[in-house]
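Dear colleague,

I am handing over the structure below for your attention. My notes on what was found in it follow directly after.

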Amino acid sequence: MSSRNTTSYRFGFDIGGTFTDVVVSASDGEVHVGKCLSQPDAITQAVVEGLTTLIEQESIPRDKIQEVISGATTVVTNLIIEGKGAPTGLLTTEGFPDLIEIAREMRYDIYDITARLPVPVVPRPWRKEVPERIDKDGVVITALDEKAAKQAIEELAADGVKSVAVSFLHAYRYPAHEQRVMEIAAEIAPDMFVSLSSDVLPEIREYERTVATALNAYVRPYIGHYLEELEKGLGAIGIKATLNIMQSNGGVISRDYAETMPLRMLESGPAAGALAASHVADLAGTGDILSFDMGGTTAKSCLVSNGRPEITLEFETARVQRFKKGSGFPVKLPIIDMMEIGAGGGSIARIDDTGLLKVGPESSGAVPGPACYGQGGEQPTVTDAALVLGYLDPNARLGGQVALHLDLAEAAIGKYVAEPLGMTLIEAASGIYRIVCENMASSAKVHAVEKGKDIRHYTLAAFGGAGPMHAREVARRLGCRQILVPPNAGVFSAIGLLVAPVMTDAVRTFYTRVEGADWQEIDSIYDDLTESTAQALIQAGIAPDDIEFERSADMRYIGQGFEVTTPLPARFDDATTDAAVQSFYDIYDELFSHHLTTVDVEALTWRLRATAPAPSPPISRRMNGTDSRAVPDQLRRVYFPDAGEFHDVPVLADSGLNIDSEKEGPALIEQLGCTTVVGPGERFTADKHGNLLVSLS
Amino acid sequence: MAKANKQISPIDLEIYWNRLISVVDEAGAAMKRTSFSTVVRESNDYTCVMLDADGALLAQSSWSVPGFIGTTPHSLAHFLDVYPKDTLSDGDIILSNNPWIGSGHLNDLTMAAPIFHGDRLVAFVVTVAHLSDIGGRQWSASSTELFEEGLHIPVLKLYEAGVRNDVIIKIFEANVRLPGQVVGDIEAQVVAINVVKRRLLEFMTEYGLDEIGSIATAIYNVTEDAVLKQLRAIPEGTYSAEVEGDGWEESIRIRATITVKDGRIRVDYSGSSPQVRYGVNESFNHTHAYTVYPFKCMLAPGLPNNDGFIRLFDVVAPEGTIVNAKFPAAVGARQLIGHMLQGVVFEAIADALPDKVQADSGTPLTVLVLKGLDMESGEAFQQITFLNGGIGATKGRHGEPCSSFPANISNTPVEILENLAPVRYRQKIIHEGSGGDGEYRGGDGQVIQLESCWHKPMTVALLTERTRKAPRGVLGGHDGACGFVRKNGQPVAETKGVVELKPGDVLEVALPGGGGLGEPSTAQAAE
């Protein structure tokens, strides 16, 4: 143990739907983790309690906690999904009050004529038109009618609207009209929250920009309140640390910045999971990974290449149908690219109209849960199949809490799968297992192709309650040769909070051909972006010299409909045109395996990312064990579908494994909250950081 | 259940079936990403399918627009007439863009390749995609024969045993406006074909299969059984309806007589208008696809497309009618008719299946082609933009406003269009009240106003419908409102023609609303 006097601490927490995970790392890197039940009505309470328990357990001096990182996974998302945001108004250019409802005019399911589109967060009466018009070059065509703007805000305030979004056409080129509205609002309705499209997403395409601005406005009052409550709660237990906030782009940022841009906190928990996976992969030296987080309802995957999680600009929130692309609101901010499908421990197995077996996306949820929980769940689930196959211990309590009932699992699978299909219980259970794994593997394959990657060269980094149990079958179907199971796989996402860099992104649209572009003008855009991003990082406690900047631009061939984000050099000079075009060709080759030289290239949007690395990344340490069994002399009968037979398999405790000594499967390796399945002939080793590595044959 | 199902367990069949779809989806994703065509990327105007060794549809990529449902087996059959199966070898790729062989207009290029496992032909792969350009006049309804509409490639081999015929590529390059992009599009289709070949063979190796015919039969049988279960909800008998569209010089009538009997569906278009002089004529394949589509929505929205569904249909469209025009009719804007077929099918079936139908929509979508050329400076532009009307109501759901149906084509954002063409939107609003009233209301259309900011006169080619003939309500629901076209506030008479805009002129276009469903009074009583 390190000296308590000189050590400082960083604390992170992730508020999930069921559990709040807490994690503390010391400046020497050592990690401690904890878990407590979330309290939906008093979400900061669970955080304070979880932290108190952890610091008392580990005797951490409260005044040595220097930084607290909030990873409020579900807070922002749930506000939008449940429609519990503030009453929100929208000011638009005259003639365009309906853009937020007209959307992109597409359907998300070509065959389902009963499918509904998402309902805009601002209803028609609260969308106010203001006479003003800016053209594509940022020239004022019609001056802002200040009287009309004032009247609109007064009417909204009188209606009880608490937060206003302002989104004018081409405001990314000329923000002055929007900024003037903000001043007017400050004069006449000082308590009104105002979000400007030129701040939230100063990027071309009015629908996406307006939606992002409206969503930001919608959640802002509540998030401000949440952050105040959190500070109060921490203060009350004597913690005066800097509060930073995890964002969906995989970086943390200051509390004050986050408060004005709460939309950037969407889905920050899964983003942290991908960062954590990237971190352990680096420690284990496995190279590129596919993070694979399988929980109760869904499986989430992210490709991490060269240590960087894939970023997408195509995220959607509050989908009408959770797994249907296009059924939600687009959030065109850079977000860690998570592929999510409806495959988890609670996914229900059923026979559909075709007489074939389907697994998911319907889930038994936490209540009633799988049949084997004995809480009234009737339908068979993935967890029930795992129990019947021997992957789960029928005598153990899941996560130390839920007793498992093998007889109920067998009855459910028998009644709903085995009997109707005329097969044995084992055939049915193995069928559920194979189908859910095939579903996960096939969607990951298509995702990798979309990103221009060859999935077979990736290591599968498995975590979450069900991830390590299904990893080998998924890896086999993907053609991956190695599986990595990190320590603390049950609270793994929260560890990502502590490895996240401090980071922010800024964008500005300026449409130009790359050939003959005015690089001086673009440089002056970057001067603005550099200043604003640096300020945000300094606010989060970063020294100016520690900030790194990365430039990129959204470019395309002239005539194309969408863009490819292309890295740019840090400084612009005479060679920049050639460098930018070459960079576009390179990235085009990577994604599409060819490029053209006969068509000109244009750029629409210029991006800047400012980052500073996280201090002292956390490390887990494995004590050398003796490979002893979890329960002495216990062998469990386990079915391996690929072999088509049962094996008597030793059950090992993860904490008992010897470091760097390779063993041969079959084996079951149990850690708190999950079990890793190693098949016959596969080899596994444990490293000093607590990682478990499995090589598939 | 068929015999094959006894040999393949329902669990294995589920996995095999998912894998085959995953293979074509993976190939579709690869094609979409390597294609240069905006229509392919933004509107999924492509398909990638696997057919069994007999040429029946086995698996189709999930996101394709409805215009490709079931067209590829017809295309392949035509290809095999020219190059019989027993003459094919590994590495052959056959292609054509003939509208009667493919999917209805020259822009769509169809390619097919045999897949061999050892010496045995086990499957075919077919890809279709809308090319970036095909030469000829640009996209419009105003051609009077096919020859105006662009380059026509007959059934030829692009690859012979793995060797590319560069003559074909050179002919493409010489005949299209964007040779680089078009060759890129062709390569994208080849990429997709190779993905399917590789992945299918990997799948067969993984499971130790030397043919996939028995899997295909099992898939068709379970699909057919599932559809037949739903089909029983339609009482056997004959149903008919007729819808009218604006047409060109005179209105167009589409008449459908639907017979449901012995587990089969026959749709007969006898009595529909004869083919017309301009490019709105349909080839049979396109008619077939858009006829089957509404049944898919009603009977099997969640089931993958395959022969088990397609084989239940007999579509009869007399030659020489608007829904089965004869070569060399112009067909370039065939979507203006094709997109209306769903309306006549839904209306005919409405009484039999009131809970499943959708009232007619404010469809087809409107296309505006903006063009300008300044002879003195050489400055020129051409830009296409899409607009959608309201969707018809279904039981339990008011129609959505301004959404694409039955195709799925997104709009061009206001800010993007203003960057690409010298125009300025003055307005883009929901056309309130344009959806037909009903127990469930039709979705509203939209109204846009576009001002020319160019220093010279520009032209706008209009591809509109339903400015005179409204989308109909069903089961007592009211019709949607018609659209209109105005210039500086004055109605434009020829709504499929070309209008000229001088600097400062304003073009106003209203899109029709969708039809309502059910008597409106019921709704009022409920409220």
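Please note at the outset that this is a predicted model. I begin with one helix of chain A, H5(A). On one side of H5(A), A:Glu183, A:Ala186 and A:Glu187 are exposed. The buried residues of this helix are A:His177, A:Glu178, A:Val181 and A:Ala185. They lie on the same side of H5(A) because the arc they cover around the axis is only 100 degrees. In general, an α-helix has 3.6 residues a turn, so residues three or four places apart point the same way.

H5(A) itself runs over residues 176-188, which makes 13 residues. From its first C-alpha to its last the helix reaches 19 Å, close to the 18 Å expected at 1.5 Å a residue. The cover over its buried residues includes strands S5 (88-93), S7 (133-134), S9 (163-167) and S10 (193-196) of chain A, together with helices H4 (146-158) and H6 (197-200) of chain A.

The domains of chain A come next. The domain assignment divides chain A into domain 1 (9-79 + 225-265), domain 2 (84-219), domain 3 (286-361 + 419-500 + 620-697) and domain 4 (502-612). The centres of domain 1 and domain 4 of chain A, taken over C-alpha atoms, are separated by 34 Å. Their contact takes 10 residues from domain 1 of chain A and 9 residues from domain 4 of chain A. On the domain 1 side, the elements that give two or more residues are strand S11 (242-246), strand S12 (252-254) and helix H8 (255-260) of chain A. S12(A) supplies the largest share of that side, 3 residues.

For chain B, the assignment gives domain 1 (4-224) and domain 2 (358-527). Between the centres of these two domains of chain B, taken over C-alpha atoms, there are 34 Å. Domain 1 of chain B gives 10 residues to their contact, and domain 2 of chain B gives 11 residues. The domain 1 side of this contact in chain B has 4 nonpolar, 5 polar and 1 charged residues.

I turn now to the contact between the chains. Chain B contributes 59 residues and chain A contributes 55 residues. On the chain B side, two or more residues come from each of several elements, among them helix H2 (10-34), helix H6 (179-206) and strand S14 (423-431) of chain B. The largest share of this side, 14 residues, comes from H2(B). The residues on the chain B side divide into 21 nonpolar, 21 polar and 17 charged.

B:Arg33 touches A:Glu450, A:Leu591 and A:Phe592, not counting residues up to four places away in sequence. B:Arg33 is partly exposed, because 18 other C-beta atoms lie within 10 Å. Between the C-alpha atoms of B:Arg33 and B:Ala256, 223 residues apart along the chain, there are 39 Å.

Finally, the core. The largest nonpolar core has 370 residues, and those with the most contacts inside it are A:Ile432, A:Leu460, A:Ala461, B:Met50 and B:Val196. Leaving aside neighbours within four places in sequence, B:Val196 is in contact with B:Val23, B:Val24, B:Ala27, B:Cys48, B:Met50 and B:Val125. In soluble globular proteins, nonpolar side chains tend to be buried together.

With kind regards

Terms used: Residues numbered from 1 in each chain as written. Chains lettered and ligands numbered in written order. Predicted model: local features only at pLDDT ≥ 70, side-chain atom pairs only at ≥ 80, totals over all residues. Core = buried A, V, L, I, M, F, W, Y, C linked by C-beta atoms within 7 Å. Buried ≥ 20, exposed ≤ 12 C-beta atoms within 10 Å, placed from the backbone. Contact = placed C-beta atoms within 7 Å. Helix = DSSP H or I, 4+ residues; strand = E, 2+ residues; numbered from the N terminus. Nonpolar A, V, L, I, M, F, W, Y, C, P; charged D, E, K, R; others polar. Expected span 1.5 Å × (residues − 1). Arc of directions from axis to C-beta. Domains from an automatic or database assignment.
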